[in-house]
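Work through the exercises below with the sequence and the model at hand. Try each task before reading its solution.

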Amino acid sequence: MPIQPPSLRRPGATDRKAWQRASIYGDKRKRGRAGQRDRALVLAEEPLCRACLEQGRTAASTRVDHIKPLSEGGSDERSNKQGLCIPCHDAKSAAERAANQRSRTADR
Ligand SMILES: [Zn+2]
């Protein structure tokens with residue numbers, strides 16, 4: 001077996017250059033102007049809350065929701081986004097938090 005030269009690369013090192021700031025956020029969510037533009041686009045395409053429409057109601061969508069949450073590996077792409085009204089978004093977020101809590105306590 002050939003002897004490997006020593007690697008100067010730290011284990012777990014990324015391709016980030018020293019002058020590039022590491023993201024302080026733990027997810028891939030677009031922020032700043034790019035995020036604003038994306039959210040406005042989704043709301044323009046889906047002016048009505050998707051969850052309300054499924055239940056035969058109509059409400060203006062004012063929140064952009066990640067269908068599969070970023071915290072569960074969901075993407076920040078358009079296909080993973082939907083427009084929801086505030087009550088539907090809050091309910092979905094609460095359900096996701098509760099499910100998260102359950103899976104965390106089940107791990108212990
Ligand atoms: Zn709704």
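Predicted model: local features only at pLDDT ≥ 70, side-chain atom pairs only at ≥ 80, totals over all residues.

Residues are numbered from 1 along each chain as its sequence is written, and side-chain values use heavy atoms, with hydrogens and water left out.

**Exercise 1.** State in which order the elements of the protein run from the N terminus.

Solution. Start with the inventory: the protein has three helices and two strands, where helices (H or I, at least four residues) and strands (E, at least two) are DSSP runs numbered from the N terminus. Reading from the N terminus, the order is α-α-β-β-α. Next, take the contacts (heavy atoms within 4.5 Å): of those with a separation of 6 or more, 50% are between residues 24 or more positions apart.

**Exercise 2.** Identify the protein donors of the zinc ion and the geometry of its site.

Solution. Donors are N, O and S atoms within 2.8 Å of the metal (3.2 Å for Na, K and Ca); water is not among the atoms, so sites may look incomplete. The SG atoms of Cys49, Cys52, Cys85 and Cys88 lie 2.2 to 2.3 Å from the zinc ion. The angles among the four donor atoms are 104 to 114°, and the site is tetrahedral (four donors with all angles between 85 and 135 degrees). Along the sequence, the donor residues follow the spacing C-x2-C-x32-C-x2-C. Cysteine 49, in the loop between H1 and helix H2 (50-54), and cysteine 85, in the loop between strand E2 (81-84) and H3, are 36 residues apart, and the pair links distant parts of the chain. Both cysteine 49 and cysteine 85 are buried, that is, under 20% relative accessible area (1.4 Å probe, protein chains only).

**Exercise 3.** Decide why glutamine 82 counts as buried.

Solution. Glutamine 82 lies in strand E2. Glutamine 82 counts as buried because its relative accessibility is 10%. Leaving out residues up to four places away in sequence, glutamine 82 touches Val42, Glu46, Arg50, Arg63, Val64, Asp65, Ile67 and Lys92.

**Exercise 4.** Find which element gives the largest share of the lining of the largest pocket.

Solution. H1 (32-45), E1 (63-66) and H3 (86-107) each supply at least two lining residues. The largest share, eight residues, comes from H3.

Notes
Tetrahedral: all angles 85-135°; square planar, octahedral: opposite > 155°, others 65-115°. Buried < 20%, exposed > 50% of the residue type's maximum accessible area, 1.4 Å probe, protein only.
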